[in-house]
Amino acid sequence: MSLHTPPLATVHRGAGADFTDFGGWEMPVSFDSIRTEHTAVRESVGIFDVSHMSEIVVSGPDATELMNLLTTNDVRSLAPGDAQYSCILAETGTILDDTVVYRYPERDGYLFVPNAGHGKQMADRWSTYARKRGLTVSIHDRTDDTGLVAVQGPAAIETVESVAAGSIAALSRFGATRTDIDGVDCLVARTGYTGEDGVEIFFPAEESTTVWNAFDGVQPCGLGARNTLRLEAGLLLSGQDFDPDDEPRTPLEAGLGFVVDFSKPEFVGREALRDLEHEGVDEQLVGIRVDERAIVRSGYEIFQDGDSIGHATSGTMSPTLGCPIALGYLDTAYAEAGTSLEVDVRGRAVDATVVDQRFLESLETTEETK
Amino acid sequence: MNFQIPDELQYAASHEWVDRRDEVVRIGITDFAQDELGDIVFVELPAEGDTVDRDEAFGLVESIKAISDVYAPVAGTVVEINTAVREQPELINEHPFEDGWLIELEPTGEFDHLLEPAEYRAQL
């Protein structure tokens, strides 16, 4: 598979960014130090190029029915200009990907945003099910024609206000509206992946430089800071915290039951999840605070009193909290907050504790020695 | 990028620097190495009295994005470690050639294989 290059690659290179391969895309991992970028988003504002995310547009008379069949949340509850977080499941109940579904504010139909590298798979899946059910819909993978940036942080809204033609201050969380930015028609949604207030802005890919440059002076941030920010907020990463091949998990194990609407009569994966809900899950996702100075990384095994009870799926040093944090799956019997654990960090047993995965809220912020 | 490569030091291809002092050699990682790693958050160092072979991993530095072994550019016995970088690993990012040094060895082997500053610069 050849590497996709984002439209802004040259601009990023000019800004001194380092790049990484992520989901088949060559994306900036950092512009400055990850800590600098992270702090900008927590304290003020930062901008991310997230054009590696996929964009699928679904419209037509049966669009709502198809969306509701293939995602776990209830699409019928979306008013025009509303968005919702959701999961896309296999028939077995395993998460294929997570996504945000947007109902367009100004016209019929939906935009949904699978993770990097999942666009074609999801467009094909939507087409296959539409054909099977005889549904009248049109499905377009717009990933290559769509630019996407995220402006995130406590000062994000005023920053976007200062460059957008229309006001976005009244936009509620998970609301979306259309407005121009420097003459470019944009869909601005109050969504994000950092645990801060902010927006994600969709626009035609060929206008990427115009939109990016409209935010000149805002700290550019790479995927490195995006990862530390989402982890502190306890948000999962598709392909790492769940993955149909390497980490097959249901929404119930992954703590995403809140986006599964069992009141819907039908959705793919419903039967499997229903059974599982009755039986209870064997393992579940937890937040882990590491009590020593050691980073717990993906795949590290977790023990209690010498017994293996799970493994970590993500981990980092939290720049905001000043301690290492991780996400992982544990035997349900050990998943209660406050449980003491040991993590095998390259052969060394490191003490850790189960905590609420919303680390920003569950852990005290400590002033890091500088 | 223009990385610092102080003239008075010698270098290993694996991005460590060597400062040959009277009885001991001081060792750290280069400006290039710290920049590649990014924000360093954890450092593991040997104990005083440990012996290390040339090219043996004697410790590791871990940043938010990566872990890297640190190799001994010369053989010797560890006579001192920089305890400050354990508590403040960011010293390595801020001052890789000064406060961010890692260990001092009493050398027991050769130095001839070490790279001069121009040779090290040429391989970056």
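# A two-chain model, piece by piece

In chain A, the centres of domain 2 and domain 3, taken over C-alpha atoms, are separated by 34 Å. That gives us a starting point for a tour of this predicted model.

**Chain A as a whole**

- Chain A is divided into domain 1 (9–51 + 144–232), domain 2 (56–141) and domain 3 (282–362). Notice that domain 1 is written as two stretches of sequence, 9–51 and 144–232.
- If you count elements, you will find nine helices and 19 strands in chain A. The radius of gyration of chain A is 21 Å, close to the 21 Å that the globule rule gives for 370 residues, so chain A is as compact as a globular protein of that length.
- Along the principal axes, the C-alpha trace of chain A spans about 60 × 50 × 40 Å.
- Of the 370 residues in chain A, 49% are buried.
- Among contacts in chain A with a separation of 6 or more, 65% come from residues 24 or more positions apart.
- The UniProt record (an unreviewed entry) gives residues 10–264 of chain A the annotation "domain: GCVT N-terminal". Over this stretch the chain is 25% helix and 28% strand, and its end C-alpha atoms are 46 Å apart.

**Chain B as a whole**

- Chain B has four helices and nine strands. Read from the N terminus on, its elements run β-β-β-α-β-β-β-β-β-α-α-β-α.
- With a radius of gyration of 13 Å, close to the 14 Å that the globule rule gives for 124 residues, chain B is as compact as a globular protein of that length.
- The C-alpha atoms of chain B fill a box of roughly 35 × 35 × 20 Å along the principal axes.
- Buried residues account for 44% of the 124 residues of chain B.
- Take the contacts in chain B between residues at least 6 apart in sequence: 63% of them join residues at least 24 apart.

**Where the chains meet**

- Helix H7 of chain A is mostly covered, with nine of its 10 residues buried. Among them are A:Leu223, A:Gly224 and A:Ala225.
- Just after this helix, A:Gly234 takes a positive phi of about 75 degrees.

**B:Lys65, a residue with an annotation**

- The UniProt record (unreviewed entry) marks B:Lys65 as "modified residue: N6-lipoyllysine".
- Look for B:Lys65 in the loop between strand E6 (57–63) and strand E7 (67–71) of chain B.
- Is B:Lys65 buried or exposed? B:Lys65 counts as buried because 20 other C-beta atoms lie within 10 Å.
- Not counting residues up to four places away in sequence, B:Lys65 touches A:Ile34, A:Gly224 and B:Gly38.

**The core and its neighbourhood**

- As a general idea, nonpolar side chains tend to be buried together in soluble globular proteins.
- The largest nonpolar core here holds 136 residues, and A:Val149, A:Val151, A:Val188, A:Ile201, A:Ile288 and A:Val296 touch the most other members.
- Leaving aside neighbours within four places in sequence, A:Ile201 is in contact with A:Leu148, A:Val149, A:Val151, A:Ile181, A:Cys186, A:Val188 and A:Val211.
- A:Glu200 carries the annotation "binding site" in the UniProt record (unreviewed entry), and sits in strand E12 (residues 198–204) of chain A.
- Why does A:Glu200 count as buried? The reason is its 24 C-beta neighbours inside 10 Å.
- Beyond residues up to four places away in sequence, A:Glu200 touches A:Leu148, A:Ala150, A:Ala189, A:Thr191 and A:Gly192.

**An exposed residue for contrast**

- A:Ser77 is in the loop between helix H3 (63–70) and strand E5 (83–89) of chain A.
- A:Ser77 counts as exposed because it has 10 C-beta neighbours inside 10 Å, and the cut-off for exposed is 12 or fewer.
- A:Ser77 and A:Glu336 are 259 residues apart in sequence, and their C-alpha atoms are 33 Å apart in space.

Notes. Residues are numbered from 1 along each chain as its sequence is written. Chains are lettered from A and ligands numbered from 1 in the order in which they are written. This is a predicted model: local features need pLDDT of at least 70, side-chain atom pairs count only at pLDDT 80 or more; totals for chains, interfaces and linings use all residues. A nonpolar core is a set of buried Ala, Val, Leu, Ile, Met, Phe, Trp, Tyr and Cys residues joined through C-beta atoms within 7 Å. Two residues are in contact if their C-beta atoms, placed from the backbone, lie within 7 Å. UniProt positions are given in the numbering used here, feature names are shortened, and annotations may be inferred rather than shown by experiment. Helices (H or I, at least four residues) and strands (E, at least two) are DSSP runs, numbered from the N terminus. Domain bounds come from an automatic or database domain assignment. The radius of gyration is taken over C-alpha atoms; the globule rule is 2.2 Å times the number of residues to the power 0.38.
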